[in-house]
Amino acid sequence: MDQILLEEYTKVVENNPFAAKIGIEILDIYKGYVHTRVKKRMELENIYGDLHGGCLYTIADNMAGVAAGTYGYYVTTVNGSIQYLKAGRNTEYIYCKAKVIKAGKTISVVQAEITDDKGILLNTAEFTYFNLKKK
């Protein structure tokens, strides 16, 4: 784990009102990679008691953006897609791992996976980011 990145991006998450409201907690981070978790709670559920798809997308997008940002750029989402493979239920936490697959000067591409407490894959996602400027 990169302690400097952990401190930097913990502050980024805390200062992002939407991410902070969801309760994203960084577990591991290094250049091009982040591993996080979110406690499942009623405010994040849909009418069926599962984690809301919009919440899952938000977690994946935010954390993929963090992974892209570890290369030293401010980034903004250009495109994103998520595959809802299994409902987020019967779990205390969900976990998101995001890994950069292309770190470019202009565009970065990141893949993300969301799993439950048992390691069951719930979602896969891919995001493209525009690198705005160097930090």
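These notebook entries record what I looked up in one predicted model.

**Entry 1: ground rules.** I number residues from 1 along each chain as its sequence is written, and I leave out hydrogens and water, since side-chain values use heavy atoms. In this predicted model, local features need pLDDT of at least 70 and side-chain atom pairs count only at pLDDT 80 or more, while totals for chains, interfaces and linings use all residues.

**Entry 2: the whole chain.** I found three helices and six strands in the chain; helices (H or I, at least four residues) and strands (E, at least two) are DSSP runs, numbered from the N terminus. Along the sequence I read the order α-α-β-β-α-β-β-β-β. The radius of gyration is 14 Å, close to the 14 Å that the globule rule gives for 135 residues, so the chain is as compact as a globular protein of that length. This radius is taken over C-alpha atoms, and the globule rule is 2.2 Å times the number of residues to the power 0.38. I noted that the C-alpha trace spans about 40 × 25 × 25 Å along its principal axes.

**Entry 3: burial.** Of the 135 residues in the chain, 44% are buried. Buried means under 20% relative accessible area, exposed over 50%, and partly exposed in between (1.4 Å probe, protein chains only).

Entry 4: I then asked where Asn131 lies. Asn131 lies in strand E6, and it counts as buried because its relative accessibility is 5%. Its side chain makes a polar contact with the side chain of Ser108 at 3.3 Å. A polar contact is a pair of N or O atoms within 3.5 Å; within protein, one must be able to donate a hydrogen and the other to accept it, and residues adjacent in sequence count only if both atoms are side-chain atoms. Leu132 also lies in strand E6, but it counts as partly exposed because its relative accessibility is 49%.

**Entry 5: a surface patch.** Which residues form a nonpolar patch on the surface? I listed Tyr74, Val78, Phe130 and Leu132, with about 380 Å² of accessible area together. Such patches are made of residues with over 30% relative accessible area and no salt bridge, nonpolar side chains (Val, Leu, Ile, Met, Phe, Trp, Tyr) being joined within 5 Å and like charges within 9 Å. A salt bridge is a side-chain nitrogen of Lys or Arg within 4 Å of a carboxyl oxygen of Asp or Glu. Accessible areas come from the Shrake-Rupley method with a 1.4 Å probe; for residues, only the protein chains shown count as cover. Strand E3 (73-84) and strand E6 (121-134) each supply at least two residues of the patch.
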